[in-house]
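Try each task before reading its solution.

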Amino acid sequence: MIYKPRYVFRPGALEAIQRSRNIQTDEQLALYIGIEPKHLEKLRAGYPVSAEVALRVAALQGDKNYLAAWFDLEQPAAA
């Protein structure tokens, strides 16, 4: 079985991104990270994102190789 890694935003990461980029609204934040605004609350609640989204956010924040600043690896469910 091939496992595709998925990531969850670390607590406070979305707010830190918002402050670091002077983003004023949730709509602007959603646009910045490349999601629909209606999904932002899910991300704040721990909903996972794909590796592609995580890499994009890390790159936008200045270092595409530094995921740990913004994300934790989702733990796969026990089989």
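A residue is called buried when its relative accessible area is under 20%, exposed when that area is over 50%, and partly exposed in between, using a 1.4 Å probe and protein chains only. The model is predicted, so local features need pLDDT of at least 70, side-chain atom pairs count only at pLDDT 80 or more, and totals for chains, interfaces and linings use all residues. Residues are numbered from 1 along each chain as its sequence is written, and side-chain values use heavy atoms, with hydrogens and water left out.

**Exercise 1. Describe the overall fold of the chain.**

Step 1. Helices (H or I, at least four residues) and strands (E, at least two) are DSSP runs, numbered from the N terminus. The chain has four helices and three strands.

Step 2. Taken in sequence order, these elements give the pattern β-α-α-α-β-α-β. The chain is as compact as a globular protein of its length, because its radius of gyration is 13 Å, close to the 12 Å that the globule rule gives for 79 residues. That radius is taken over C-alpha atoms, and the rule is 2.2 Å times the number of residues to the power 0.38.

Step 3. Along its principal axes, the C-alpha trace spans about 40 × 25 × 20 Å.

Step 4. Of the 79 residues, 32% count as buried.

Step 5. Contact means heavy atoms within 4.5 Å. Among contacts with a separation of 6 or more, 59% come from residues 24 or more positions apart.

**Exercise 2. Determine whether Asn22 is buried or exposed, and state what its phi angle is.**

Step 1. Asn22 sits in the loop between H1 and helix H2 (26–33).

Step 2. Asn22 counts as exposed because its relative accessibility is 58%.

Step 3. The phi of Asn22 is positive, about 55 degrees, although this residue is not a glycine.

**Exercise 3. Find which side chains make polar contacts with the side chain of Gln61.**

Step 1. Gln61 lies in the loop between helix H4 (51–60) and strand S3 (71–73). Its relative accessible area is 16%, so Gln61 is buried.

Step 2. A polar contact is a pair of N or O atoms within 3.5 Å; within protein, one must be able to donate a hydrogen and the other to accept it, and residues adjacent in sequence count only if both atoms are side-chain atoms.

Step 3. The side chain of Gln61 makes such a contact with the side chain of Ser20, at 3.1 Å. A polar contact of 3.1 Å also joins the side chains of Gln61 and Arg21.

Step 4. Not counting residues up to four places away in sequence, Gln61 touches Ile17, Ser20, Arg21, Tyr32 and Trp70.

Step 5. Gln61 and Ile33 are 28 residues apart along the chain, and their C-alpha atoms are separated by 10.0 Å.

**Exercise 4. Classify the exposure of Arg56 and list which residues it touches.**

Step 1. Arg56 is found in helix H4.

Step 2. With a relative accessible area of 35%, Arg56 is classed as partly exposed.

Step 3. Arg56 touches Ile33 and Gly34, when residues up to four places away in sequence are not counted.

Step 4. Arg56 and Ala68 are 12 residues apart in sequence, and from C-alpha to C-alpha they are 13 Å apart in space.
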